[in-house]
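Welcome, and please open your viewer.

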Amino acid sequence: MNHDDENELFNRLEADMATDCPGDVVDLNKARAARAESADPAPDQSPDSRAPESADRSAGESDDSRPTLVDRPTPTESGPGLLDRIKGAKRLDVIPPWMKSGAEFKEAAGWIAGHVSHTAAFHGLRVPFLYAPKLVWRSPRGALNTLNKLGRWAVDAEGEPLRQAEARRENSEIYLKLSRQRDRRVRLRVLVTLLGALITLAGILYLVYGADPVTQFIATVVGVLTFGWLGAPADAPLATRAVIKTEVQKLTSDIVIKAMASIGIGQIASAVAKGQDGIKFVSPITREGPGWRADIDLPLGVTVADVADRRARLASGLRRPLGCVWPDADPNEHEGRLILWVGDRDLSRTGIVKWQLANARRHDVFKRVPFGTDPRGRAQSVPLIQHNVLIGSLPGQGKTASVRVLACGAALDPTAELWLHENKGTGDLDSLACVSHRFVSGIDDESIKYAADSLKLLREEVMRRAGVIKKLPRDLCPDKRITREIANKRSLKLWPLVGVFDECQNLFAHPEYGKKAGEDAEFIIKLGRALGVILILATQRPDKDSLPTGISGNVSIRFALKVAGQTENDMILGTSAYKNGVRATAFRPEIDAGNGYLSGAGPQPVVVRTAYLDDPATHAIGQRALALRKAEGTLSGFALGEESETPAGPTYDLLADVAAVVPADEERVWNERIAARLAELRPEVYGGWKGENVTSALKPHGIKTTGVAGTTDDGTRTTRRGIVRADLMKAIAEGDENRGVA
């Protein structure tokens with residue numbers, strides 16, 4: 001473009017801005033580019049190419065070719081634009097997160113104290129038996145080295161090579177200057193050496209003949225140790241390291257970009273290959289815990305799940321073990337914000353995680369139960385109140401150990417009632433039997449039936465609690481859910497009730513008791529959450545037959561250790577978890593035992609290495625829990641020596657009670673009327689029931705509700721939900737037949 005054309009373009013743009021759009025800002029660089037494109041030296045002169053232009057002009061459109069502005073002008077460094085950016089900026093924490101967390105601060109302080117004490121003990125033990133003998137052995141060599149260095153200094157031996165070099169070059173002038181310099185140095189240094197020797201000799205004579213024995217001993221020790229220190233060879237230091245630090249490569253942006261480009265995502269590889277800004281670091285790479293953290297904006301269209309799917313390739317690109325590399329999403333940002341944490345050590349090699357309550361006297365179950373640590377070393381915990389927990393994995397991956405941690409947390413609350421069912425028969429929970437209201441350990445039919453009976457009793461307990469909660473004053477229970485204050489009122493019998501069912505697949509897949517047990521568990525999970533009834537279910541076979549979908553779909557907290565495939569992964573962690581990159585299939589068998597994805601306990605799923613309690617530690621916790629319950633008088637059921645077969649609840653028959661309040665001449669009846677009559681029949685059981693309670697209670701027995709026409713108390717004809725008495729009698733007959741009643 002020549003200068004005349006450029007001036008013409010600028011004049012036209014200036015006139016347009018002054019007349020039509022005085023408030024818009026035109027990018028002149030874009031205008032030049034548009035002008036260059038319009039000045040194509042070989043334009044298409046075919047009729048087809050001219051048709052659109054002539055058609056547009058014939059339609060009455062303006063021939064103004066100004067570029068249409070669709071983006072706002074770039075804000076300057078002052079004014080509202082800068083203020084908007086400041087308001088939207090993310091403020092970093094003034095105090096590091098680990099200092100604001102009491103648990104993390106205590107852990108860090110404990111580590112430092114342990115490190116210092118270990119180092120002091122390590123070297124303290126070696127001082128008299130290793131370091132001191134070494135110094136004595138090396139002291140003669142140190143004395144000779146000292147005399148040799150003094151002699152060479154006195155005669156200026158360090159300058160001799162330079163003088164000899166000038167002599168070989170026959171540079172007499174420089175050689176003579178160096179020789180005169182050497183003579184001056186030697187005269188002064190010999191004088192200083194002689195004076196020092198006389199003073200040293202006088203000191204030695206004083207120590208030998210005039211000093212007291214203590215001074216002589218101290219001087220000898222100091223001299224020997226000093227000469228021993230000076231006599232140490234350069235390649236043989238006196239002390240060894242108390243702690244060997246594993247050196248790991250510092251994480252840099254270049255390393256991250258190269259690794260990200262190698263994982264097989266086209267958008268990333270293309271952007272890096274073209275030198276474009278495909279990966280943007282939104283903040284500097286920093287240390288976080290025992291590792292490095294990089295906050296990254298991925299290229300457009302790439303999600304964190306895409307990167308998590310290629311975690312093994314990413315670890316290879318970073319040249320780190322798989323257990324060191326953990327890509328996570330930022331719940332406060334968009335789907336392309338990646339938090340890449342690269343640890344110094346493989347998570348599986350960090351050793352056993354100590355449980356924070358291992359030495360605690362008691363715990364409040366209304367608070368979160370410590371569960372383990374994440375890869376960054378941050379403590380992770382699980383809330384139990386108003387939640388249910390589902391744990392799943394392949395055999396031998398740490399499932400029962402996870403159950404034991406939660407059960408011990410509940411045991412340390414003397415107000416919590418424990419119902420423990422270990423349907424594997426190996427005695428993993430036997431140490432807590434002494435504080436359990438109901439307890440069974442076995443895989444036989446009798447043990448399975450006991451667990452099924454517990455679910456039936458828990459269901460009845462949920463219904464009882466619903467009635468009690470309904471009657472509580474609003475000021476005591478405004479949210480209609482159990483609180484610490486309500487649980488402490490023993491007369492209400494609304495204390496926390498924790499039901500643990502380990503290896504629950506043996507219960508739910510049982511041909512005789514499984515179906516009813518699954519229905520009861522689903523009922524408890526849906527309604528018992530706010531009533532203080534908590535279920536902890538653990539299974540090693542998460543499929544639709546051994547884990548009913550009504551259970552897996554309604555639990556709020558999930559923990560998945562190593563599982564076999566996508567189906568099992570989503571059964572435990574929820575639908576689409578695998579698709580979203582939350583994949584417990586990525587854990588390595590045995591190597592990653594104890595590592596799993598915890599979902600529902602926080603804003604997003606997180607990898608957790610669970611704390612470990614062996615049998616002696618569990619036994620000690622059980623004994624402390626027993627002492628607590630004895631002191632507060634909260635032992636009950638199995639813990640008091642009652643027979644495990646003794647039912648712990650009412651023995652009434654729901655169907656018989658409904659039949660008693662529905663006379664034979666009443667073929668159809670509303671459920672709300674059944675609820676009112678049942679409350680009158682057994683107020684301690686059915687008090688507070690409504691029509692929906694009757695519907696839920698009769699559904700497992702195969703009695704369906706239907707529209708029933710009737711008359712209200714004021715004579716109005718209407719249709720409401722109700723049952724047919726014939727269906728009720730049929731269900732009673734089938735139940736008698738199944739029980740063998742004539």
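Across the whole structure, a search finds 37 salt bridges, each one a side-chain nitrogen of Lys or Arg within 4 Å of a carboxyl oxygen of Asp or Glu. Side chains of opposite charge can pair when their charged atoms come close. Before you select any of them, note that this is a predicted model, in which local features need pLDDT of at least 70, side-chain atom pairs count only at pLDDT 80 or more, and totals for chains, interfaces and linings use all residues. Residues are numbered from 1 along each chain as its sequence is written, and side-chain values use heavy atoms, with hydrogens and water left out.

Start by selecting Arg163 and Asp156. They form a salt bridge whose closest N and O atoms are 3.4 Å apart. Both residues are buried (buried means under 20% relative accessible area, exposed over 50%, and partly exposed in between, with a 1.4 Å probe and protein chains only).

Next, select Asp520 and Lys516. Both sit in helix 18 (residues 514–527), four residues apart, about one turn of the helix. Helices (H or I, at least four residues) and strands (E, at least two) are DSSP runs, numbered from the N terminus.

Move on to Arg337 and Glu333, a salt bridge with its closest N and O atoms 3.9 Å apart. Arg337 counts as buried at 10% relative accessibility, while Glu333 is partly exposed at 33%.

Now try Thr373, in strand 6 (residues 369–373). Its relative accessibility is 15%, so Thr373 counts as buried. Leaving aside residues up to four places away in sequence, Thr373 touches Val353, Arg378, Ala379, Gln380, Val607, Val608 and Arg609, where contact means heavy atoms within 4.5 Å.

Of its 742 residues, 39% are buried. Among contacts with a separation of 6 or more, 66% are between residues 24 or more positions apart.
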